[in-house]
Amino acid sequence: MNEILQGLVQAFWLVISLDTELIAISLRSLYVTLTALLISTLVAFPLAALIVVTRFRFRRVVIAILNALMGLPPVVVGLLVYIIFSRSGPLGVLGLLYTTSAMIIAQTVIITPLIASVAHQSMRELWADYRDLLISINTSKPQRIGTLMWDSKRALITACLAGFGRGIGEVGAIMIVGGNIDNATRVLTTAISLETSRGDFSLALALGFVLISLALSVSFATHWFGKTERGGLW
Amino acid sequence: MFPLSISRVEISVKSKKLLGPINLVINEKGITVVLGANGSGKTTLLEALHGLRKLSRGKLEWSVPNSQAAQQQSFVFQSPIMLRRSVIENLIYPLIVRRISKSIAVEEAKLWAQKIGLENKMSQQAPLLSGGEMQAVAVARALITKPKMLFLDEPTASLDGLAKKTIEEILIIAAKGGTKIIMSTHDLGQAKRLANDIIYLHKGILESHGPKEDFLNSPPSDAARQFLAGDIVI
């Protein structure tokens with residue numbers, strides 16, 4: 001109990017004193033996860049919409065795989081990305097191992113199925129409503145995809161938040177591919193892991209509180225800008 | 001685009017025949033009303049003519065290529081499908097899909113909003129309107145592209161007198177302006193007010209097609225006679 005209190009106090013002082021290392025680590029955390037999130041949404045949203053509006057042979061199999069991939073263990077993803085980018089691996093020449101780029105790639109792999117799956121679920125319901133109308137108006141497939149994405153934007157924001165939450169709190173994969181190198185690839189979660197193993201619980205807790213408040217502020221900011229829960233139906 | 005010739009069209013679902021065989025020629029002018037009891041195939045016929053249903057047998061031929069005919073048609077569903085957007089955005093949608101500039105589309109939509117008496121609700125979310133208002137938006141959205149052919153599936157089935165009157169007036173003006181209208185209804189009064197000719201369906205079979213007066217004065221079958229007399233047709 002005492003340690004939690006100490007952690008809170010230390011977190012407070014770290015934030016108030018604008019500790020340069022804390023700021024660097026937090027910004028790196030944000031940079032890695034937000035970049036991964038951006039790439040994921042660019043892939044996942046159109047992919048989910050395409051699966052919704054297209055009938056093809058193995059559609060149900062693809063959806064089942066997508067849903068299963070939501071539970072992809074981060075450590076395994078980290079291991080695979082590590083092998084691919086390690087010196088003797090197929091993409092070893094790129095020299096990306098132990099860089100933030102490798103961390104971004106690993107997180108993208110982890111959160112893309114999650115975002116695609118949540119997006120698919122909500123757009124499928126919307127498509128059930130819209131299908132007859134959009135076919136009747138003689139829309140093209142890209143127009144249907146655009147309409148579905150635009151009109152389910154609130155649900156897509158939620159999908160983003162889910163992806164962000166999974167990314168920012170993730171430690172297994174980025175530890176393996178990033179290596180938790182000071183001033184290079186250390187982020188909040190890997191720092192917490194390190195401080196815990198070193199026995200500095202109050203610093204670990206302080207970093208933990210910073211991580212939680214970061215996640216909360218991103219969520220609040222998104223809801224604020226997205227004007228959710230304010231008037232209207234959605 | 002006209003005439004539309006329908007020859008030996010049949011629609012079956014899982015080897016159960018819902019409609020047909022239907023032979024029919026639809027000409028350019030006026031309002032054709034499709035009458036019949038529940039389950040007589042009215043909706044199926046309209047959806048088939050519009051291309052929303054795959055034909056099990058037979059063929060539909062416009063005098064122009066199908067892709068061109070599809071551009072010139074609109075459909076109003078029994079329960080209006082509103083995009084989850086504002087009224088004005090619903091109205092401009094078919095124009096935007098046809099790549100008409102947004103400023104022109106908005107001007108046109110404002111005119112239509114006036115015609116249906118919703119000029120004060122243009123920025124309101126369409127799914128929050130009353131049933132009658134939604135159906136009026138659906139009719140306006142169908143007519144905003146100036147289609148040569150408009151299908152309506154029981155458009156006023158659940159509306160009160162005033163809402164019904166608004167929609168009927170718009171339809172009469174559209175028909176005078178050169179839009180061919182085919183609508184289904186249960187409402188014999190509405191058929192008498194609007195129809196130039198009447199199609200009578202009974203259990204998926206087309207029992208008669210001809211001028212309104214002929215149908216009303218000499219109904220083609222016992223079922224039609226019962227329908228006209230207001231009896232329950234089974």
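First, the conventions. The model is predicted, so local features need pLDDT of at least 70 and side-chain atom pairs count only at pLDDT 80 or more, while totals for chains, interfaces and linings use all residues. Residues are numbered from 1 along each chain as its sequence is written, and chains are lettered from A and ligands numbered from 1 in the order in which they are written.

Chain A has ten helices and zero strands; helices are DSSP runs of H or I with at least four residues, strands are runs of E with at least two, and numbering starts at the N terminus. The C-alpha atoms of chain A fill a box of roughly 65 × 50 × 25 Å along the principal axes. Of its 234 residues, 36% count as buried, meaning that 20 or more other C-beta atoms, placed from the backbone, lie within 10 Å of the residue's own. Take the contacts in chain A with a separation of 6 or more: 78% of them join residues 24 or more positions apart. A contact here is two C-beta atoms, placed from the backbone, within 7 Å.

Now the helix pair. H2(A), residues 20–53, packs on H7(A), residues 153–168, at an angle of about 140°, with the axes 9 Å apart. Axes are lines fitted to C-alpha atoms over the stretch in contact, and angles run from 0 to 180 degrees between N-to-C directions. That value makes the pair oblique, the class left over after under 35 degrees (roughly parallel), over 145 (roughly antiparallel) and 65 to 115 (roughly perpendicular). On the H2(A) side the contact residues include Ser29(A), Ala36(A) and Phe45(A), and on the H7(A) side they include Leu156(A), Gly163(A) and Ile168(A). By class, this contact has seven nonpolar, six polar and no charged residues. Nonpolar covers Ala, Val, Leu, Ile, Met, Phe, Trp, Tyr, Cys and Pro; charged covers Asp, Glu, Lys and Arg; the others, Gly among them, are polar.

Next, H6(A), residues 141–151. Which residues of H6(A) are buried? They are Arg144(A), Ile145(A), Thr147(A) and Leu148(A). These cover an arc of only 165° around the axis, so they sit on the same side of H6(A); the arc is that of the directions from the helix axis to the C-beta atoms. The buried residues pack against H2 and H5 (100–136) of chain A.

Last, the other chain. The contact takes 15 residues from chain B and 14 from chain A. On the chain B side, H2 (66–71) and H3 (87–97) each supply at least two residues. That side divides into ten nonpolar, three polar and two charged residues.

Methods:
A residue is buried if 20 or more other C-beta atoms lie within 10 Å of its own, exposed if 12 or fewer, and partly exposed in between; C-beta atoms are placed from the backbone.
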